[in-house]
Amino acid sequence: QNINLSLSLFLSSTRRLVTGRRADSDFWRLIVSPAASSSSFRGVIAVPKQPLRCHKEMPVFGGLLVSAVTVAIMSVISYQFGTHPEAGHGVKLGSGKMFDRVAPRYDLVNSALTMKRDAAWRNKMIDSLMLKSGDRVLDVGTGTAEVALAIASHLRSKGKGGEMGKSRVLGVDPSEGMISIGREKVVKAGLDKSVSLVIGDAEDLASSVPEGTKFDGATMAFVIRNVPDRAKAMREIAGRLKGGARLAVLELGFPDFPPAKWFVRHCVPFIGWLLSRGNLKQEYTYLNDSMKRFKLDDIEGLMAQAGLALVRKERMNFGSVGLYVGEKGADAPPPPQEEAHAT
């Protein structure tokens, strides 16, 4: 309701600004009336029975300013003191079911929180794999297929005539909601013959990846910190790589720069809640807390345990984003066969 109120206020002000009309008392009634019926505000603020009236000749720029401040204050009060829906009965925070709830607004929130820099980070991760035309790539925790589609675009650029050729991308994710959105995007991009998305668990790839299938590269973006048994997941992925193939892990951590640290601690959960229309406070608080608890440099140790040699390590965005690239050793040559000697 707060979001709808915000949009109504700004659309009304903008229309009046464009048409040259002044804000009248009906515009100001819009500020208070919806709040009176909002369950988030009941018992939190006292709303007068009579709508607030302002002079109808107040300039529209003043209307924009006051409405923006009003909506901001109402949103902060609702976030801090209002009632919020539970994460869901029996839904474990960090699980696929939790991400089902996050899925509809996931891409929007990610773009807003990173100011669309997440696309550049993903491209840097994909470039680090050093892929070539015809390669097969595994994307673990594919979510809404943003990484899978970016990989496909990268491989297509390397193919003859800009075609995918024999290149294939397989995305795995435990969230049905995420996968459903991802499949729609894949079909819309015309890549449904080259990009496949399946429901599966990073800790048990055997349930979703055909036995014996090996990949020329693998990615894992913003996933590993939410996996319960990270070492097992890393071993599972490493076991699916060909000799000489790379795994690139992109993950979020807590920034080093004080202003960025303050933003992540206080603003990220609020913005996530706001853009999810006030429904997912617990979920975005969990995701924020998981960044605080996770140490990015732990990824280096996890790769070593899985038999991957670290070939690249990079921190970005004030230290809050880490890129770690591990390479699997060359496959051991088959043992020489003994020659049969005539007796």
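This is a predicted model: local features need pLDDT of at least 70, side-chain atom pairs count only at pLDDT 80 or more; totals for chains, interfaces and linings use all residues.
**Entry 1**

I then turned to Phe257. Phe257 has 38% relative accessibility and therefore also counts as partly exposed.

Next I searched for aromatic pairs. The count came to 1. Phe257 and Phe318 have ring centres 4.8 Å apart and planes at 15°, so I noted the pair as stacked. The cut-off for stacked is planes under 30 degrees apart.

Where do the two residues of this pair sit in the chain? Phe257 is in the loop between S5 and helix H9 (258–275). Phe318 is in the loop between S6 and S7. They are 61 residues apart, so I wrote down that the pair links distant parts of the chain.

**Entry 2: the sheet**

I traced the strands next. I found an open sheet of 7 strands with mixed pairing. I wrote its order as S3-S2-S1-S4-S5-S7-S6. Which strands are at the edges? They are strand S3 (195–199) and strand S6 (308–316), and each pairs on one side only. From one strand to the next, the twist averages 15°.

I reminded myself that strands pair through backbone hydrogen bonds, either parallel or antiparallel. Then I checked S2 (residues 168–173) against S3. These two pair in the parallel sense, over 5 bridges. I also found Val169 opposite Val195 in S3.

**Entry 3: helix H8 across the sheet**

I followed helix H8, residues 230–239. H8 lies across S1 (136–140), S4 (215–221), S5 (241–252), S6 and S7 (321–328). Its direction is at about 145° to S5.

**Entry 4: helix H7**

I checked the length of H7, residues 176–188. At 1.5 Å a residue, its 13 residues should span 18 Å. The end C-alpha atoms are 18 Å apart, which agrees.

Which residues of H7 are buried? I listed Met178, Ile179, Gly182 and Val186. Seen down the axis of H7, they fall within an arc of 90°, so they line one face of the helix.

I then looked at the face of H7 turned away from the buried side. There I found the exposed residues Glu176, Glu184, Val187 and Lys188. Last, I checked what follows H7. Gly190 does, and its phi is positive, near 70°.

How values were computed: Residues are numbered from 1 along each chain as its sequence is written. Side-chain values use heavy atoms; hydrogens and water are left out. Two strands pair if DSSP finds at least two bridges between them. Helices (H or I, at least four residues) and strands (E, at least two) are DSSP runs, numbered from the N terminus. Axes are lines fitted to C-alpha atoms, for helices over the stretch in contact, and angles run from 0 to 180 degrees between N-to-C directions. Contact means heavy atoms within 4.5 Å. The expected span of a helix is 1.5 Å times one less than its number of residues. Buried means under 20% relative accessible area, exposed over 50%, partly exposed in between (1.4 Å probe, protein chains only). The arc is that of the directions from the helix axis to the C-beta atoms. Rings of Phe, Tyr and Trp (its six-membered ring) pair if their centres lie within 6.5 Å; planes under 30 degrees apart count as stacked, over 60 as edge-to-face and the rest as tilted.
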